[in-house]
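These are my notebook entries on a single protein chain. I began with the overall fold and then moved on to individual elements and residues.

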Amino acid sequence: PIKVTKIACIGAGYVGGPTCSMIAHKCPHIQVTIVDMNQERIDAWNSDTLPIYEPGLEEVVKKCRGKNLFFSTDIDKAIIEADLIFVSVNTPTKKTGVGAGYAADLFYVESCTRRIASVATSSKIVVEKSTVPCRTAQSMRTILEANSRPGLRFDILSNPEFLAEGTAMSDLDKPDRVLIGSLSTPEGRAAQTSLIEVYSNWVPKEKVIGTGLWSSELTKLAANAILAQRISSINALSAICEVTGADVDEVAYACGLDSRIGPKFLKSSVGFGGSCFQKDILNLVYLSESLHLPEVADYWRQVITMNEYQKSRFAKTVVSSMFNTITNKKLAVLGFAFKKDTGDTRETPSATVCRFFRQENAKISIYDPKVSEKQIFLDLTEPGVVDDAAAAKKQVTVCQSAMEACTGAEGICILTEWDEFKQLDWPAIYKSMAKPAMVFDGRGILEADKLREIGFKVFSIGKGVNL
Ligand code: NAI
């Protein structure tokens with residue numbers, strides 16, 4: 001096995017940035033270069049304002065940048081210099097063509113692979129870090145092998161990333177496991193050993209697991225599908241709780257005490273978001289259908305159907321509780337990111353709910369501690385519809401504080417579980433609002449009884465006693 005001294009990472013996004021910054025931090029003897037074709041993103045990585053927010057990330061980047069961690073748009077140079085290359089580019093759901101709406105778009109992965117094949121002048125270990133459909137490594141291998149030249153070989157590994165946004169740095173520091181898939185040939189095993197050695201600088205040996213390439217690829221899709229399924233399961237139960245008078249938090253707690261079930265990831269909410277869960281399940285659905293397993297495809301599809309139902313159920317509850325009309329009513333939306341401690345809004349349930357409110361002609365005041373006004377308007381307008389941006393500006397205001405968003409509102413919706421929302425001056429907010437003042441807690445983070453004492457009418461997801 002070769003000893004890795006130079007690593008390149010193609011794709012400076014939510015995965016490439018944090019993972020390779022952590023490698024630089026833990027392996028001072030390895031030079032890490034993170035490259036991207038997006039100049040603006042690279043400039044931000046090289047500035048004081050990083051392009052993504054993750055607790056603990058800035059400290060690590062500032063410590064390593066310019067020493068053994070570099071951000072650049074010179075992709076070819078990074079490829080030529082590296083012994084090992086992570087491919088961490090985006091793999092979004094295809095919008096058109098075969099598999100539209102389900103299949104992963106592998107255009108970016110393939111262009112990177114072809115780039116590596118054409119510019120490399122020495123042997124490389126190519127590591128698939130992006131989440132890809134099962135057997136993508138095979139396609140990458142075929143492209144690389146067809147381009148190998150005498151004295152130049154390519155080995156391919158699958159090393160899916162399990163970090164969760166919002167806790168990326170601690171997940172990377174202490175991963176539950178690191179999975180490295182390889183071919184079972186002596187060369188494949190040697191490449192695997194080289195990457196194991198990189199991780200062994202901080203990850204205990206027993207946490208690094210070697211598997212075949214296909215198992216590794218499928219594990220990533222499977223893990224996300226199972227996680228999302230837990231959320232959809234508890235959300236399905238939350239609907240029953242609201243009708244029967246049961247309390248979803250009590251049900252989740254008592255179920256979670258069963259050691260076979262476990263307590264984590266059983267929090268009912270307005271629905272899951274993020275760039276991965278939906279995309280990866282759709283990918284699994286597409287895979288199942290391509291393999292002529294329609295029952296399996298239907299099973300996983302239902303996880304997404306339940307999530308859509310949960311978001312629209314919440315939005316409809318707001319309208320029906322506000323006497324069946326929210327036209328021209330001021331609604332405060334607290335939280336726009338898809339979860340706390342991130343500024344990421346991809347597939348955020350908050351956008352779905354706000355779009356629904358727009359259709360109902362409400363006036364929406366949004367506050368999120370980490371999402372920019374520009375991003376919120378991008379997410380709430382239809383790209384290409386000319387007048388929509390102007391219409392959105394009339395209907396939507398982005399505020400600098402929760403208090404500002406809530407002042408004069410008739411209803412407040414909690415759509416992201418930011419800790420600061422638990423500590424707001426609720427009596428002052430109550431005073432500033434039109435009455436009856438309503439709170440719709442889509443994340444189950446507020447103490448409803450205390451709010452009711454102040455005078456609020458309160459709806460919490462999955463609680464039988466409401467308003
Ligand atoms: P992202 O969209 O934030 O970053 C991808 C970057 O790759 C972009 O900056 C883009 O400009 C760059 N890129 C695309 N093609 C390129 C090319 N040919 N050359 C150079 N740069 C190129 O995506 P993110 O969130 O980092 O996800 C990357 C992959 O990791 C996806 O497959 C995703 O499913 C997976 N993943 C994401 C997780 C997350 O929490 N976001 C967690 C685990 C896996």
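**Entry 1: Overall fold**

I counted the secondary structure of the protein first: it comes to 18 helices and 14 strands. Helices (H or I, at least four residues) and strands (E, at least two) are DSSP runs, numbered from the N terminus. The radius of gyration is 24 Å, close to the 23 Å that the globule rule gives for 467 residues, so the protein is as compact as a globular protein of that length. I took this radius over C-alpha atoms, and the globule rule is 2.2 Å times the number of residues to the power 0.38.

The model is a predicted one: local features need pLDDT of at least 70, side-chain atom pairs count only at pLDDT 80 or more, and totals for chains, interfaces and linings use all residues. Residues are numbered from 1 along each chain as its sequence is written.

Along the principal axes, the C-alpha atoms fill a box of roughly 75 × 45 × 45 Å. Of the 467 residues, 45% count as buried. I call a residue buried if 20 or more other C-beta atoms lie within 10 Å of its own, exposed if 12 or fewer, and partly exposed in between, with C-beta atoms placed from the backbone. Among contacts between residues at least 6 apart in sequence, 73% join residues at least 24 apart. Two residues are in contact if their C-beta atoms, placed from the backbone, lie within 7 Å.

**Entry 2: The six-stranded sheet**

I traced an open sheet of 6 strands in the order β11-β10-β9-β12-β13-β14, with parallel pairing. Its edge strands are β11 (396-398) and β14 (457-460), each of which pairs on one side only. From one strand to the next the twist averages 20°. Two strands pair if DSSP finds at least two bridges between them.

Strand β13 (residues 438-441) runs parallel to β14 and is joined to it by 4 bridges. Within this pair, Asp-441 stands opposite Ser-460 in β14. Helix α12 (residues 294-321) packs on the sheet, where it touches β12 (411-414), β13 and β14, and its direction makes about 165° with that of β13. Axes are lines fitted to C-alpha atoms, for helices over the stretch in contact, and angles run from 0 to 180 degrees between N-to-C directions.

Pro-436 is found in the loop between α17 (426-432) and β13. The peptide bond from Lys-435 to Pro-436 is cis, with omega near 0°.

**Entry 3: Helices α11 and α12**

At what angle do α11 and α12 pack? Helix α11 (residues 277-290) packs with α12 at about 165°, their axes being 8 Å apart. The two are therefore roughly antiparallel to each other; angles under 35 degrees count as roughly parallel, over 145 as roughly antiparallel, 65 to 115 as roughly perpendicular and the rest as oblique.

The residues of α11 that meet α12 include Ile-281, Leu-284 and Val-285, and those on the α12 side include Val-296, Ala-297 and Trp-300.

The loop between these helices holds His-292. His-292 has a positive phi of about 60° although it is not a glycine, and this residue is exposed, with 8 other C-beta atoms within 10 Å. I found a positive phi of about 65° at Asn-324, which is not a glycine either. Asn-324 lies in the loop between α12 and β9 (330-334) and counts as exposed, with 8 C-beta neighbours inside 10 Å.

**Entry 4: Asn-224**

I placed Asn-224 in helix α9 (residues 213-244). Is Asn-224 buried or exposed? Asn-224 is buried, because 22 other C-beta atoms lie within 10 Å. Not counting residues up to four places away in sequence, Asn-224 touches Cys-276, Phe-277, Asp-280 and Ile-281. Asn-224 and Ile-281 are 57 residues apart in sequence, and their C-alpha atoms are 7.4 Å apart in space.

**Entry 5**

Strand β1 (residues 6-10) runs parallel to β2, with 5 bridges joining them. The bridge partner of Lys-6 in β2 is Gln-31. In β2 (residues 31-35), 4 of the 5 residues are buried, so the strand is largely enclosed by the rest of the structure.

Asn-68 sits in the loop between α3 (57-64) and β3 (69-72). With 18 other C-beta atoms within 10 Å, Asn-68 is partly exposed. Leaving aside neighbours within four places in sequence, I list Ala-24, Pro-28, Ile-30, Gln-31 and Val-32 as its contacts. The C-alpha atoms of Asn-68 and Lys-6, 62 residues apart along the chain, are separated by 9.4 Å.
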